[in-house]
Amino acid sequence: MKRSIFLMIIFVAIFLFHPRQAKCWDSFRLPTVVTGGSAGYFYVALDDFRAKYTTRWDKIYSGHFDVRVYRGIYLSVQYSRYLNENMKSGIKTVKTANWDERFINVGIRRYAEMVGRWNFYTGLGLTFISIDETPGLSVFENDTNGKTKGNGFYFEIGSHRTLLSHLGLFLEFEITSAGEGGTPGFVGHNIGGYAFQAGIDMNF
């Protein structure tokens with residue numbers, strides 16, 4: 001818990017106070033819309049997860065849609081899906097996904113004005129999480145229908161590489177903190193975690 005709080009403080013500081021670099025993009029030449037998709041690995045932070053699953057790591061897939069609202073600041077909407085089928089052999093009784101976690105992130109993303117084809121960005125906002133599990137095999141106590149929801153916050157930091165005039169490659173690290181059952185993100189179990197992803201962007 002302390003480590004998650006410390007990491008989030010660092011992300012907020014980077015987002016708010018990262019220094020301005022030598023300008024290479026005129027704000028009126030920045031793309032109006034940036035959209036793309038990515039894939040990577042996600043680590044579930046929930047302490048009780050290992051009680052029924054062999055690993056917290058598994059694949060995550062994401063898509064995002066960003067609209068520029070002012071200079072290098074974009075309104076960002078993101079959707080991610082994380083599936084984990086690594087339930088322990090003594091517990092697993094079905095072949096369908098046992099842990100199906102979906103994220104909807106709504107926030108802002110800020111690009112730094114940097115020289116060259118590389119550009120760094122940070123983002124923060126709200127995350128809304130829903131989890132479907134196999135009924136009767138839930139990680140959470142007293143959960144018989146296999147459905148759990150949580151709200152919280154997310155922070156991201158990434159690097160974007162321009163490949164063509166409307167195409168780019170990006171690498172990203174994201175941390176999410178959300179409380180079970182709609183409680184604040186720092187209260188109770190954290191059903192968020194850490195994501196490492198790579199993807200392709202298109203800008204217009």
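Two strands pair if DSSP finds at least two bridges between them; strands (E, at least two residues) and helices (H or I, at least four) are DSSP runs, numbered from the N terminus. The model is a predicted one, in which local features need pLDDT of at least 70 and side-chain atom pairs count only at pLDDT 80 or more, while totals for chains, interfaces and linings use all residues. Residues are numbered from 1 along each chain as its sequence is written, and side-chain values use heavy atoms, with hydrogens and water left out.

**Strand β4 and its partners**

Strand β4 covers residues 99-111. It runs antiparallel to β3 (residues 73-84), and 12 bridges join the two. Within this pairing, Val106 in β4 is the bridge partner of Val77. Strand β4 is also antiparallel to β5 (residues 118-133), to which 13 bridges join it; here Glu101 stands opposite Ile131 of β5. Of the 13 residues in β4, 10 are buried, where buried means under 20% relative accessible area, exposed means over 50%, and partly exposed lies in between (1.4 Å probe, protein chains only).

**Nonpolar cores**

A nonpolar core is a set of buried Ala, Val, Leu, Ile, Met, Phe, Trp, Tyr and Cys residues joined through side-chain atoms within 4.5 Å. The largest has 18 residues, and those touching the most other members are Phe42, Leu46, Phe49, Tyr82, Trp99 and Ile191. Strands β1 (33-44), β4 and β5 each supply at least two residues of this core. A second, separate core of 6 residues includes Leu30, Tyr111, Tyr121 and Phe170.

Beyond its neighbours within four places in sequence, Ile191 has contacts (heavy atoms within 4.5 Å) that include Leu46, Glu101, Ile129, Ile131 and Phe140.

**Salt bridges**

Side chains of opposite charge can pair when their charged atoms come close. A salt bridge places a side-chain nitrogen of Lys or Arg within 4 Å of a carboxyl oxygen of Asp or Glu, and 8 are counted by this rule. Three of them are listed below.

| Salt bridge | N to O distance |
|---|---|
| Lys59 and Asp58 | 3.5 Å |
| Glu156 and Arg109 | 3.0 Å |
| Asp132 and Lys147 | 3.3 Å |

Glu156 in strand β6 (residues 147-164) and Arg109 in β4 are 47 residues apart. Glu156 is buried at 0% relative accessible area, and Arg109 is buried at 1%. By contrast, Asp132 is partly exposed at 23% and Lys147 is exposed at 53%. Asp132 and Lys147 also belong to a network of salt bridges with Arg81, Asp100 and Arg102.
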